[in-house]
Amino acid sequence: MREHLLELFKYRELLYMITYRDIRVRYKQSVMGFLWAVLMPILIVLSGVVVRFAYALAAHSVLSSADVAVVAVKSLPWAFLVTTIRFACLSLINNKELVTKIYFPREVFPIAAMFAGLFDLLVASTALAALLVVLRVGWSLYLLWVPVLLVATALLGAGIGMIVAAASLYFRDVKFVVEVFLTFGIFFTPVFYDVSMFGSRGKWLLLNPMSPLLESFGAVIARHSAPDTAWLSYSLICALVVVTGGYWFFKHLEPGFAESI
Amino acid sequence: MSDVAILMEHVYKKFRKGEVYNSVRDIVPALTGKLFRRQDLDESDSREFWALQDLSLEVKRGECVGIIGHNGAGKSTALKILSRIMRPTKGRMVVHGRLSALIEVTAGFHQDLTGRENIFLNGTILGMSKREIESKLDQIIAFSGLEEFIDTPVKRYSSGMFARLGFSVAAHVDPDILIVDEVLSVGDSLFQQKCVTRMREVLRSGAAVLFVSHNLKTVAEFCDRCVLLEKGRTVMTGSAEQAIACYIQSSSRRTAPAGDSGPVRISKVTVRDESGECMRFRSGDKAWIDVEIAATARSNKTSITFYIVDGRFTNVFDTSTDRLGHDSFEMNEGDTFRCTFEVTLNLADGTFYPSVVLFRYDIQTVFDRWEPAATIYVGSDGGVRGIANCFPRVVYQELRRADPESAGPVADVVRLGKRA
């Protein structure tokens, strides 16, 4: 494991170049350019507003701007996770030429997919910041939590990304399974809703390691309150386990990549 | 650092033939099938094959070692194992130093990026640092000869330009070990010259070179030693001349090809005279070369190149269906194609090797190559040395004596014929 990590470090410039390539190609090809990065978050926010509006109607209350802010804040990390997993899943298959022809640590591909997703997140964050200003959300010192939450999300995304990338190389239908999970995952993750709406049963939702992270994002950015550190530690541990396990799984299968692709 | 650059000891590589489970859906019936079938062991044995068996190889610094063999002999597998793309099933391999492979020099390119961006991308993939690429950027661009187009996306490049840019990047990696596979067949002759020069430079810098090619002339020219592979086994290791001689012997009557590259393959080449299959010809005789081709997949614009090389692999003569005014052809899977060349063997005494290549001109791609496809022995009445027989005759001679006395009474002028 140590050797693998050292080698990956040696290839950091390659990681940078592949990330650069992924970003460049993504923005060059799309007609929308940088709008691409905000497209998915915008759609998530809009659907979130619709869902929230329905809640408010059912509860005979009014949709507040704070609710919209929370949905908007949560939509970005969720979009980041989804993009990372989606692109990581195809990263090996789409780079077949390189996988079969030239040697370098293959985890560069799913990790680059994660960094490219992070770049999208940064672009979208500027739009989010503007929205939060319009909604008069303000700021607080709790924002210092954001880097921690981002790292945890990134690790989780990279870990899952490596697993699905390796698996989809061997089994071509994995990508469809992943697609289904990514589409419906949003209903099992508190993006549109808050866990608190479920009362004491909310803890079952928090078992999804992404849930405490999203809740914390909402808390520290939109609500200016401290995250639930117990559940957050659970998420952090999950992220570490997933990324370590994913890396091990990936490296375990890697020797067979060139002949199985 | 040790003197040995590459060390391979008893390396084996096994592949599976036939269908491999490609989706999760396939596994379930396969597993249940396994439960009910007992003879599964035999079946799995027959489905495996050894692409490489017991290959041992040592390459020292400053040495150039060649690997030759027919398609499917295991050359590419050996290189893939060396460059760590594949892991050997059994055996040990040690590589000392930075290894650079000129296997597929354009593999790292992305169509939508410009030439310049691709230099950085491909350079990094091949193991150069960003700073190193920056310092060599001008050289790389100059070497490729693509100054004008360097900021154009490479998807607009012609395939020749594409390959040249790829090679330029690859050639500027300063490796301790250079692996070359068939890249010399890329590009125009001027560019090939550059490549050969570059290979010499690398050799002179003390790096080890491992060279895989069908071009026996280049192999003979460059390699100190040579390994001959046949169906995954090492037939011999020795001097380049010995290995090449052995290779030619084993392939001169070759009828069944193996291997898996290219959509069209040569399935049979026979040389005959008026009365049938033949190896010995008289200089000036007519010979007919029958070439049979089979398509394993759909293919476009195939042309057949027929050429003859001599014992030193100098190209004596070559032609192609294309150059003879016949359109390149299209084939579907399962189609076969036959073609007969008629040539007049105006060759001097010696051994010659008719060879056949399936080629696509517009993308400069070799689909299949048999060199040599056959051996012929040409005999003449004597009096001719060299490669070609221009059928000389002495048609006129004249000797004038300065001193008429010296020749005595005999006629002082000898005439054999009229001056033209």
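Guide: In this predicted model, B:Arg84 is partly exposed, because 16 other C-beta atoms lie within 10 Å, a count that falls between the limit of 12 or fewer for exposed and that of 20 or more for buried. B:Arg84 lies in the loop between helix H3 (75-82) and strand S4 (90-95) of chain B. Its phi is near 70°, a positive value in a residue other than glycine. Most residues other than glycine have a negative phi.

A:His224 is not a glycine, yet has a positive phi of about 55°. A:His224 is found in the loop between helix H10 (210-223) and helix H11 (229-253) of chain A. With 14 other C-beta atoms within 10 Å, A:His224 is partly exposed.

The hairpin is formed by S8(B) and S9(B), with two residues between them; in the turn, B:Lys231 has a positive phi of about 50°. Strand S9 covers residues 233-239 of chain B, and its antiparallel pairing with S8(B) runs over six bridges. Within this pairing, B:Val227 has B:Thr237 in S9(B) as its bridge partner. Strand S8 (residues 225-230) of chain B also pairs with strand S3 (residues 64-68) of chain B, here in the parallel sense and over four bridges. In that pairing B:Ile68 stands opposite B:Leu228 in S8(B).

Elsewhere in chain B there is an open sheet of four strands, with antiparallel pairing and the order S11-S10-S13-S17. Strand S11 (276-277) and strand S17 (336-344) of chain B are at the edges with a single partner strand each, so one side of each has no neighbour in the sheet. S11(B) is joined to strand S10 (residues 264-273) of chain B by two bridges in the antiparallel sense. B:Asp273 has B:Gly276 in S11(B) as its bridge partner.

For chain B as a whole, the secondary structure amounts to nine helices and 20 strands. Of its 420 residues, 36% are buried. Among the contacts in chain B with a separation of 6 or more, 71% are between residues 24 or more positions apart.

Chain A is built otherwise, with twelve helices and zero strands. Its radius of gyration is 19 Å, close to the 18 Å that the globule rule gives for 261 residues, so chain A is as compact as a globular protein of that length. The C-alpha trace of chain A spans about 60 × 40 × 35 Å along its principal axes. Buried residues make up 43% of the 261 residues of chain A. Of the contacts in chain A between residues at least 6 apart in sequence, 78% join residues at least 24 apart.

One residue illustrates the interior of chain A. A:Leu121, in helix H6 (residues 108-134) of chain A, counts as buried because it has 22 C-beta neighbours inside 10 Å. Leaving aside residues up to four places away in sequence, A:Leu121 touches A:Leu76 and A:Phe80. A:Leu121 and A:Thr83 are 38 residues apart in sequence, while their C-alpha atoms are 9.6 Å apart in space.

Nonpolar side chains tend to be buried together in soluble globular proteins. The largest nonpolar core here has 173 residues, of which A:Val164, B:Val209, B:Leu210 and B:Cys226 touch the most other members. Helix H4 (residues 65-94) of chain A gives the most to this core, with 15 residues. From chain B, the core draws at least three residues from each of domain 1 (4-248) and domain 2 (253-379). Apart from residues up to four places away in sequence, A:Val164 touches A:Ile85, A:Ala88, A:Cys89, A:Val174 and A:Val178.

There remains the interface between the chains. Here 25 residues of chain B are in contact with 22 residues of chain A. On the chain B side, the elements that give two or more residues are helix H1 (24-36) and helix H4 (115-125) of chain B. H4(B) gives the most to that side, with four residues. By class, the side of chain B that touches chain A comprises eleven nonpolar, seven polar and seven charged residues.

Conventions: Residues numbered from 1 in each chain as written. Chains lettered and ligands numbered in written order. Predicted model: local features only at pLDDT ≥ 70, side-chain atom pairs only at ≥ 80, totals over all residues. Contact = placed C-beta atoms within 7 Å. Nonpolar A, V, L, I, M, F, W, Y, C, P; charged D, E, K, R; others polar. Pairing = 2+ DSSP bridges. Core = buried A, V, L, I, M, F, W, Y, C linked by C-beta atoms within 7 Å. Domains from an automatic or database assignment. Rg over C-alpha atoms; globule rule 2.2 N^0.38 Å.
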